Protein chains: 4
Amino acid sequence: MINEFHKDYLVVAKNASGRSMQVPVYRFIGKQHGPVVYIQSSIHGAEVQGNVVIYHLIQLLKSLPIRGEIILVPNCNPVGTNIKAGEYTLGRFDPVNGTNWNRGYFYDRDAVLKFARTVGAEESIQSIKQRFRAHLLQGLQRRMSNDWGLGLANQLNLKLQLVAANADIVLDLHNGPVSSRHLYVPEYAEAAATHFNIPHIIYIPNTFAGALDEATFCPWWTLSESLSKKHQRQFDFGVEAFTVEMGSQEVVNFSEGEEDAQGILSYLNSRNVLIDAHVTPKKMPRYATELANYKTLFTQMGGIVEYCAKPGTPVKQGDCLAKVLNVDELENERAVELISAPCDLIPILHFPSASVLSGTQLYKCFTEYRQVT
Amino acid sequence: MINEFHKDYLVVAKNASGRSMQVPVYRFIGKQHGPVVYIQSSIHGAEVQGNVVIYHLIQLLKSLPIRGEIILVPNCNPVGTNIKAGEYTLGRFDPVNGTNWNRGYFYDRDAVLKFARTVGAEESIQSIKQRFRAHLLQGLQRRMSNDWGLGLANQLNLKLQLVAANADIVLDLHNGPVSSRHLYVPEYAEAAATHFNIPHIIYIPNTFAGALDEATFCPWWTLSESLSKKHQRQFDFGVEAFTVEMGSQEVVNFSEGEEDAQGILSYLNSRNVLIDAHVTPKKMPRYATELANYKTLFTQMGGIVEYCAKPGTPVKQGDCLAKVLNVDELENERAVELISAPCDLIPILHFPSASVLSGTQLYKCFTEYRQVT
Amino acid sequence: MINEFHKDYLVVAKNASGRSMQVPVYRFIGKQHGPVVYIQSSIHGAEVQGNVVIYHLIQLLKSLPIRGEIILVPNCNPVGTNIKAGEYTLGRFDPVNGTNWNRGYFYDRDAVLKFARTVGAEESIQSIKQRFRAHLLQGLQRRMSNDWGLGLANQLNLKLQLVAANADIVLDLHNGPVSSRHLYVPEYAEAAATHFNIPHIIYIPNTFAGALDEATFCPWWTLSESLSKKHQRQFDFGVEAFTVEMGSQEVVNFSEGEEDAQGILSYLNSRNVLIDAHVTPKKMPRYATELANYKTLFTQMGGIVEYCAKPGTPVKQGDCLAKVLNVDELENERAVELISAPCDLIPILHFPSASVLSGTQLYKCFTEYRQVT
Amino acid sequence: MINEFHKDYLVVAKNASGRSMQVPVYRFIGKQHGPVVYIQSSIHGAEVQGNVVIYHLIQLLKSLPIRGEIILVPNCNPVGTNIKAGEYTLGRFDPVNGTNWNRGYFYDRDAVLKFARTVGAEESIQSIKQRFRAHLLQGLQRRMSNDWGLGLANQLNLKLQLVAANADIVLDLHNGPVSSRHLYVPEYAEAAATHFNIPHIIYIPNTFAGALDEATFCPWWTLSESLSKKHQRQFDFGVEAFTVEMGSQEVVNFSEGEEDAQGILSYLNSRNVLIDAHVTPKKMPRYATELANYKTLFTQMGGIVEYCAKPGTPVKQGDCLAKVLNVDELENERAVELISAPCDLIPILHFPSASVLSGTQLYKCFTEYRQVT
């Protein structure tokens, strides 16, 4: 065999029948040393394309020798995947209490700063990395052992994070509602963005809002910054994490999934995970913006909406983004209201239903974007 | 003004805040005598394209003289339209008890047969029609006045039916999940089907299952059959009703809506509703089958599904309809299961989500279909 | 061991993760011949007290010798049990399509009448019973083997019915919303009702509406009537089925569950299932009415409701059943509307939420009831 | 008239039919000067008892002369009240995105600190108060006027806050799931707690988590602390805000509502709002704890639960709080698992459903509590 292969199951919750709910964990272990890669999909239950991407990765990794280890956890939220509400999957949040399934990972900034103080001037990167990883895992375990217990989403997140925390590279595969492919990249790893085959890139700061990518890179970034300041030199631990949005939720497409898998291999190849592989990023226009310029357009009206702007296609200020039909005024000039772009923008995703209340997230848009190469 | 125009509101329910929920009722009254036409949309809350169609009909009727009267009731279910469950609209059934919003109309076959016995050999069609309509309205009103009350969906349906029962022509505008345009036609009105611009036609028998089209035509069809048998001649009352499926739910498209409106005008023109209009049906292939041959394919597996067959495009027996991904078996030959067509068929609609439990309605298909002209 | 004991699992569905969903099947087999008893609970996912009743039955049957066999299937709907919508369980219907989980059992009246014609004057009850049961099972199996598949609720129901169809006695354990204990009894088994410790009894006719009790007794009742008419004598096959409503949904109570279990044993003892047991029905007032007199009171208003009448306690015509608060009229005389009893009645259950739309099932009530002994 | 009375409506949202959703605003204005009181109920749609309390307050205020003004906003979330999911009301969060309806109020700490720097040593309390209130209202208005719009819950919250920000006393009426009456009190207003007739009191710190009470008191508390530190004397602005939990959700009780209203009047009387009223707090045991000691017990198991401890009744360490039935193990010793109290505690509320997944909030409990007088 080219790589060692294992399949295990991880119990992440118990359902109301008292039964264990588990996720499959696929592992490929290379014959050479190298980074540990962790890839999960479908923490939001309706965002399923990542499962197809992992399927293709598994097929490809059967004949592709690797360095280090690749851990693949498809369908990582067996609760969320199975909550139907009408014909669709109510996969973004716990139906009991509204908790977003992607906001309960763990990060303790103070603990990182405290750890930083234990690092002496001479300690090697490798030693720091090893000690810090153990420290992170202890923090996670302490968080999980709690007399009073933890909430469901929190438990699920921490059990996955306990696996992911061993990795140098973490990819969390998501989908938008009706969405173009886009990528969240920590600012410090900006250069990595063009190794994926993803046309739209969002740079995010060193701020924790509960997601897995942040929970992964915030500790290392914070540690690195703290040590750099203290010791007046660069500390690069080589830990990167990305949220990859693989198009629209509620649909899967096997042939697109194969391309998505190639894009991930291209990035992994740039990180030295593949041995003698000739996978390079596609030539394509890529656009990027900062998180602060990735804006949500909320509707002020309620009504029936046609989405006139297509995700991924730039729109000029004042152009029509959406038409809202007002069923009470069909015979007069208030029948159709136009919603136009407040500035030049690229719509990245839009709401997936034609019926909206006021205050609905109609579009999320790149503003102040630029092309990157 | 070319036609008289009125707008009213009809209260159909009260919400939990104690407030009235109403539907707009638009009416165009022609200067010449003619049939009464009733068109409603969105009894299923997520099926919203019909509202856009009614919007276009209203624009067109501003400059199109008519005979008789056209009553337009868009967004006829203000409860269903406003039930969001996640980002989508849970519009097909009452979230309290699962009652389909389109199954609570009223039809009393015995009352029709009893009425038939009151018709003498010499009574004119017009007189029978007038007496029978009064009889139907009384039946409805009796049904609605009930010491113990009525269920919400039932009340909504009956309040709409009380308006529709005055019409000679009733169109109920729906959408399928992910769907091609199709049309339910009572067998006795088979000839009417080709006047619409709808490529797929389902002939339905004189059987009542609770929907508005059935509740409209079953009494007249039954009366006609009963009298024909008794008096040995044809009784044609000119009452027709159709359920028109205007593509997919959860999306609206204004330009398609204008074409949909033209198709309805084409049918109305064939029924002599328009004065001097040159609206004729589009030349297009049309396919038809009987309701008994309009089959539902349920999946035996649960999993993540790619829908490989496109609504409206014929599929040969054995061809792939769908692929199901099994996340627990990604490394072996059970990773992807194919679901193939049990016979030659046209898929008309498919389930709108990629995540399915066993027993999900994957596709509804025309089998044993034929081309009609 | 006093009775033989087995535990198995029956797969009834697959979830969206592609995994089997199963129900536990507990069996006690006595050393003496006797009837087969089938008891299931929680086909409606929020109606969970029956699971506690089965728990107590299992404890009691460890030391109680039986004749025949008792099959216990708790938590028989693993899909419905696990659908949370907010903090409660959306257990009455499939969230995808609104299908009531208790309406997809199978009964083919024509097949029964056809079978009846195969019974000769001399055939013994036992032979008829054996042939008819085989005939029923074949019908079920034919129904389940279908190229196009079956809906989820239908599949679940038929898989359970395939087990239940072997039984002579079938109990389906339910709960009402906020409810007194009550019992559905087929009219022909009226005498059985007083062997349970249930104060409120509804006699139901030989009509099939899709539930398990009906699916169980309708074939035997129809066969019996058909043969009795033909051969001018009584045919008693000893097959009985009941829906037992064990109080309110969304609560369990272990000590009440033990009493409930005693009541079931009392009935089973009357059917000769227990050996030398001294379990007799409790002395208590019991009230009964016909299904046609078991009436639903729907509210005409929407608003916030206090339920003033307590399930199980008789109410006089005109007495207050409920108060509805109208939040828009708090300062005037329309602030509170009283809903009063349209006739003398016993409220059996009421809606479990204080917020209601118009057309909500406020109460279900016994009218025209009488005491039985 | 004893007090001036007005009723208005405030539009807070538009629904998917394009219609305005409004809340009633009742106002009593006294003939004497005095504080402005703002009381709202049902921001969480299933928590409806507060509406009955406001009903009773309105009845009582018809004959009770007041100082200042009392503004009453019942049913303040017309969206949340009307979201049914099954028979219950899914009232805690927006069904589209899981946003808690009570977390979108506005507070800008930096703006408060900046304002504090504008206050000179001689400025009177009244002048500061007037300037600061204007400053707060401007901040709110700036927040609401946003080219890109705001989310639904956020809009609703801010529209209500714009009214509440004028008040000196703010009461936000809630309910727990199955709950004893309890009260959130800002630590600085500790003394106010015993003027209500509420047995359980939680002291909360000057921390903002998005709720109305916090959004109300945090700015004044922060201002007061900042000025006190700077000017070395006390600044008491007399602004207080409380979240009052009026028992269990999904039920209303008119006679308890009258008592609840008396308790609120007792508090208002202590704040000099009532003229010559003899309303005093009830003599009753009251228990208090800090927010940090108000603990949530999550279950580690999934299953069917009996809640053995009653909200409001103290429980000793090790005593049984709940029993969990495991339907797969009914015949053995794992059939029932006991969950016991990790320490001495008072259970204040418990989950309202008997079916729980792992990670469910089973109980919220007072620990380290003390009696207060």
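Modeller: The model is predicted, with local features requiring pLDDT of at least 70 and side-chain atom pairs counting only at pLDDT 80 or more, while totals for chains, interfaces and linings use all residues. Residues are numbered from 1 along each chain as its sequence is written, and chains are lettered from A and ligands numbered from 1 in the order in which they are written.

Colleague: What makes the two copies meet through the same surface?

Modeller: Contact requires that the C-beta atoms of two residues, placed from the backbone, lie within 7 Å. By that criterion, 40 residues of chain A are in contact with 39 residues of chain D. Because 98% of the interface residues of chain A are also interface residues in chain D, the copies meet through the same surface.

Colleague: Which element of chain A gives the most to the side that touches chain D?

Modeller: Strand 13 of chain A does, with four residues. Helices (H or I, at least four residues) and strands (E, at least two) are DSSP runs, numbered from the N terminus. The side of chain A that touches chain D comprises, by class, 14 nonpolar, 21 polar and five charged residues. Here Ala, Val, Leu, Ile, Met, Phe, Trp, Tyr, Cys and Pro count as nonpolar, Asp, Glu, Lys and Arg as charged, and the others, Gly among them, as polar.

Colleague: What makes strand 1 and strand 2 of chain B a pair?

Modeller: Two strands pair if DSSP finds at least two bridges between them. Strand 1 and strand 2 of chain B have ten bridges, in the antiparallel sense.

Colleague: How do you know which strands of the open sheet in chain D are its edge strands?

Modeller: The sheet has four strands in the order 16-15-14-18, with antiparallel pairing. Strand 16 (336-340) and strand 18 (355-356) each pair on one side only, and these are the edge strands. Strand 14 (residues 303-307) and strand 15 (residues 320-325) of chain D pair over four bridges, and D:Ile304 stands opposite D:Leu325 in strand 15.

Colleague: Why is C:Asn272 called partly exposed?

Modeller: A residue is buried if 20 or more other C-beta atoms lie within 10 Å of its own, exposed if 12 or fewer, and partly exposed in between. C:Asn272 has 14 C-beta neighbours inside 10 Å and therefore counts as partly exposed. This residue lies in the loop between helix 6 (254-270) and strand 12 (286-290) of chain C. Phi of C:Asn272 is near 75 degrees, a positive value in a residue other than glycine.

Colleague: Why does C:Glu368 count as partly exposed?

Modeller: C:Glu368 has 13 C-beta neighbours inside 10 Å, so partly exposed is its class. Its place is the loop between strand 19 (361-366) and strand 20 (370-372) of chain C, and its phi, near 50 degrees, is a positive value in a residue other than glycine.

Colleague: Which residues touch the most other members of the largest nonpolar core?

Modeller: A nonpolar core is a set of buried Ala, Val, Leu, Ile, Met, Phe, Trp, Tyr and Cys residues joined through C-beta atoms within 7 Å. Of the 486 residues in the largest such core, A:Leu183, B:Leu183, C:Leu183 and D:Leu183 touch the most other members. Leaving aside neighbours within four places in sequence, the contacts of B:Leu183 include B:Ala193, B:Phe196, B:Ile198 and B:Phe242.
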